Amino acid sequence: MQEAETPTPTAVVVAGDEEIRVLLRGLLRLHHFRVLGEAEGVDEALELVRTTHPTLVVADMTLRPGTPAELFQEIRRLAPGLRSVLVSPEMPGGAPSVGAEAPDALLCRPFRVRDFAQAIGALSPQSPTVV
């Protein structure tokens with residue numbers, strides 16, 4: 001009897017800064033995700049979600065154009081079960097607010113590779129995980 005293969009997890013990367021996209025893409029590949037596409041802003045990201053049906057969206061706080069709140073609101077509408085991670089610069093006073101449509105996990109820069117792995121692997125739709 002042959003074991004069923006686990007499907008490769010897939011992701012879309014969204015960041016206004018190319019260096020951040022390269023970093024996130026590399027980290028996702030390191031953790032055996034297939035990156036289906038990259039976007040700078042909300043509209044481009046939503047088109048990728050519609051056409052590629054990823055299992056995860058990893059977005060940076062800085063998008064061109066748009067905001068994380070807009071992105072996550074539309075993602076929840078388009079693909080309610082889609083997991084999401086927001087990467088943010090560390091803020092004095094705690095985690096940034098992205099509104100009612102929060103991601104499944106919030107990862108503050110700078111972060112360790114282990115923190116990234118936890119954010120993409122230990123996601124809960126009930127409340128955001130802050131790593």
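Which side chain meets Arg21 in a salt bridge? That would be Glu38, with an N to O distance of 3.7 Å.

## What you're looking at

This is a predicted model, where local features need pLDDT of at least 70, side-chain atom pairs count only at pLDDT 80 or more, and totals for chains, interfaces and linings use all residues. Residues are numbered from 1 along each chain as its sequence is written, and side-chain values use heavy atoms, with hydrogens and water left out.

## Salt bridges

Back to Glu38 and Arg21. A salt bridge here is a side-chain nitrogen of Lys or Arg within 4 Å of a carboxyl oxygen of Asp or Glu. Glu38 sits in strand 2 (residues 34-39) and Arg21 in helix 1, so their pairing ties together parts 17 residues apart in sequence. Helices (H or I, at least four residues) and strands (E, at least two) are DSSP runs, numbered from the N terminus. Glu38 is partly exposed at 25% relative accessibility, while Arg21 is buried at 10%. For those labels, buried means under 20% relative accessible area, exposed over 50%, and partly exposed in between (1.4 Å probe, protein chains only).

Glu38 also bridges to Arg25, with the closest N and O atoms 2.4 Å apart. Arg25 is in helix 1 as well, so this pair ties strand 2 to a part 13 residues apart in sequence. Arg25 is partly exposed, at 22%. Then there's Arg109 with Asp60, at 2.3 Å, N to O. That one links distant parts of the chain, strand 5 and strand 3, 49 residues apart. Arg109 is partly exposed at 22%, whereas Asp60 is buried at 2%. Through shared partners, Arg21, Arg25 and Glu38 form one network. Across the whole structure, the search turns up five salt bridges.

## Two nonpolar cores

A nonpolar core is a set of buried Ala, Val, Leu, Ile, Met, Phe, Trp, Tyr and Cys residues joined through side-chain atoms within 4.5 Å. The largest one has 19 residues, and those with the most contacts inside it are Leu28, Leu56, Val58, Val85, Phe116 and Ile120. At least two residues each come from strand 1, helix 1, strand 3 (56-60), strand 4 (83-89), strand 5 (105-109) and helix 4 (113-121). Helix 1 gives the largest share, four residues. A second, separate core has 17 residues, including Val42, Leu46, Val49 and Phe72.

## A negative patch

On the surface, Asp17, Glu18, Glu19, Glu40, Asp43, Glu44 and Glu70 gather in a patch of negative charge. Helix 1 (18-30) and helix 2 (42-52) are the elements giving two or more residues to this patch. Patches are built from residues with over 30% relative accessible area and no salt bridge, with like charges joined within 9 Å and nonpolar side chains (Val, Leu, Ile, Met, Phe, Trp, Tyr) within 5 Å. Asp17 lies in the loop between strand 1 (10-14) and helix 1, and is partly exposed at 31%.

Most residues other than glycine have a negative phi, and most peptide bonds are trans. A cis peptide bond joins Arg64 and Pro65, with omega about -10°; Pro65 is in the loop between strand 3 and helix 3 (68-78). Another cis bond, with omega about -10°, joins Arg109 and Pro110, and Pro110 lies in the loop between strand 5 and helix 4.

His32 has a positive phi of about 65° and sits in the loop between helix 1 and strand 2. His53 has a positive phi too, about 55°, in the loop between helix 2 and strand 3. His32 is exposed, at 61%, and His53 is exposed at 61%.

Methods
Areas by Shrake-Rupley, 256 points an atom, 1.4 Å probe, with all protein chains shown as cover. Lys, Arg positive; Asp, Glu negative; His and termini not counted. Charge placed at Lys NZ, Arg CZ, Asp CG, Glu CD.
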